[in-house]
Amino acid sequence: MKKKVIDELSKIVGEEFISTRPDVLLTYSQSASLASDPVMPGAVVRPANNEQVSEILKIAGENKIPVTPRSGGSSLQEEVIPEPDGLVIELMRLKEITLYKELRSVTVGAGVTFAELEKYLKEHDLILPVYPESALVCSVAGNVSVNGAGPGSSLYGCIGELVLGVEVVLPDGTIITTGSEANPHASGPYQRYSFGPDITGLFIGSLGSFGIITKVSMKVYKRYKYYDYNTFGFETHEQSEKFMVDIKQHDINGIFTSLYEGPVLELFMDMIGEELGIPQHEWPFSTVSMTIGSVREDLMKSDAELAKKLCVKNGGHVIGISQLPKQEWSGRLWFFVRACYVHGWHWRTLYHHQTPTNAHESIEEIRRVMNKYGFLGHTAGFATGHSSFNAYPHLYFDPQDPEDEQKIRDGHNELAKTLFKTGAVPFKLAEYWSDAIEGMDSYITLLELVKKTIDSQKIMSPRKLAGI
Ligand SMILES: Cc1cc2nc3c(=O)[nH]c(=O)nc-3n(C[C@H](O)[C@H](O)[C@H](O)COP(=O)(O)OP(=O)(O)OC[C@H]3O[C@@H](n4cnc5c(N)ncnc54)[C@H](O)[C@@H]3O)c2cc1C
């Protein structure tokens, strides 16, 4: 990157918050998944506020420098890999938290992680009920930018459902606020759908392609006081699916309802079971692990009783091991991280949403590809919101073996195509979906048009959003 540009950027953020040192750039050349090739940016800049972000974007625009916004860097699907010699804008210095207790909402700066927010809200007996399993490092704004999901999503859906508004710096440096706070006289965030169509939604899941979120306002809830943790065994995934649909039909407050294949649980338990006090068990073919959470004891108890009945009605049996869901929920800031990296850091994932009654098709497809290519891997998933199931296959490879690495990329591409044909939709519209998506030309054209209108220089996260 030209020295003149670096000097201009230094003037905005101060010399200590810009770097072109190769070792620093190397850190920013990758994300938490080492399954894609690193790309060295030209500089990393760390602004302190929205005005600095705005000035930086103006300079990037004038010099046509591609920009990649970055928060925790924990993404797994190439979203945060920068452009060669491009500019990374890291937002972790934006740490402000403002609570609006009466409005049941909170506004956080782009650098606030889920763990930091959880600690803060706990002191107020409140909760942001959806967490990604990378919560220790992942920022709320970063998760909104990918429209993430995780523990809590079984009741509340993806994180986007909890967003009330955003403050965004557009690629030309303009700062806008969406939702009720677009009204400069509003006393806080309380209504997302204000002033016509949902402009907030444009930035949710947009992978930084339309601008940089500097603040995000979220709904918060009273913390649950009463929990029931239980596990349910089934002979087929179809039975598990029917059970999970029944949980929804009966309005049971299942805040996290996961589905595991037997071998996957065995793998997880080999790694962390003993340490977490989860009893050894011959896990059935299909296991549903569920946390019910409530602010009222009577509701929690009646939900728990009904869940057991629905399990039996759908051909299952109550396993009764509570430690697994308890760890999933109470250890939600780190539980899965431990299990995910059981074979090291080298894996590719293909997160997607599926209908709850088709979860078994996703699992079968993933297994078929794993067997065809001889991959080591696993898959699991969880109910997500109103009527969706989030599946997350992890495919491991040997990074020392170029053939293995090529095989994993081929298998991954094949899987994206076949999953799309089963009716699955992307959870995070990563670039590799662009080859798999078909029959949606006018939709993609519209996305391109929006991109062209908002980002005429095409500097923001080029090609990240399904290749646009
Ligand atoms: C062990 C592990 C477990 C995980 N589990 C989950 C999970 O349960 N659920 C889940 O959803 N994800 C999960 N992830 C993936 C990852 O944590 C999420 O994608 C996360 O939301 C990324 O947030 P981040 O702050 O790290 O953002 P980054 O990785 O820095 O960025 C993510 C994307 O958002 C863009 N971006 C970042 N900040 C901004 C901003 N302020 N404005 C505009 N664009 C921005 C980036 O350019 C990039 O495209 C997991 C990752 C790991 C390593």
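This is a short tour of a predicted model, stop by stop.

**Before you start**

Number residues from 1 along each chain, as its sequence is written. Because the model is predicted, local features need pLDDT of at least 70 and side-chain atom pairs count only at pLDDT 80 or more, while totals for chains, interfaces and linings use all residues.

**Stop 1: the domains**

Colour the chain by domain. Domain 1 is 3–90, domain 2 is 97–222, domain 3 is 226–338 and domain 4 is 344–436. Such bounds come from an automatic or database domain assignment.

**Stop 2: where domain 1 meets domain 2**

Select domain 1 and domain 2. Their C-alpha centres lie 23 Å apart. The contact takes 15 residues from domain 1 and 20 residues from domain 2. Two residues are in contact if their C-beta atoms, placed from the backbone, lie within 7 Å.

Now show helix 3 (50–62) and strand 3 (67–70). These are the elements that give two or more residues to the side of domain 1 that touches domain 2. Helices (H or I, at least four residues) and strands (E, at least two) are DSSP runs, numbered from the N terminus. Helix 3 provides the largest share of that side, seven residues. By class, the side has four nonpolar, eight polar and three charged residues. Ala, Val, Leu, Ile, Met, Phe, Trp, Tyr, Cys and Pro count as nonpolar; Asp, Glu, Lys and Arg count as charged; the others, Gly among them, count as polar.

**Stop 3**

**Stop 4: helix 10**

Select residues 297–313. Helix 10 has 17 residues and reaches 25 Å from its first C-alpha to its last, close to the 24 Å expected at 1.5 Å a residue. The expected span is 1.5 Å times one less than the number of residues.

Show Met300, Asp303, Ala307, Leu310 and Cys311. These are the buried residues of helix 10. They share one side of the helix because they cover an arc of only 100 degrees around the axis. That arc is taken from the directions from the helix axis to the C-beta atoms. A residue is buried if 20 or more other C-beta atoms lie within 10 Å of its own, exposed if 12 or fewer, and partly exposed in between, with C-beta atoms placed from the backbone.

What covers the buried residues includes strand 12 (226–234), helix 8 (237–249), strand 14 (286–294) and strand 15 (317–318). Turn to the face away from the buried side. Exposed there are Glu297, Asp298, Glu305, Lys309, Val312 and Lys313. Just after helix 10, glycine 315 takes a positive phi of about 85 degrees.

**Stop 5: two single residues**

Pick isoleucine 12, in helix 1 (residues 3–13). Isoleucine 12 is partly exposed, with 19 other C-beta atoms within 10 Å. Leaving aside neighbours within four places in sequence, isoleucine 12 contacts Gln52, Glu55 and Ile56.

Finish at proline 38, in the loop between helix 2 (22–28) and strand 2 (43–45). Proline 38 is partly exposed, with 14 other C-beta atoms within 10 Å. Not counting residues up to four places away in sequence, proline 38 touches Ser29 and Gln30.
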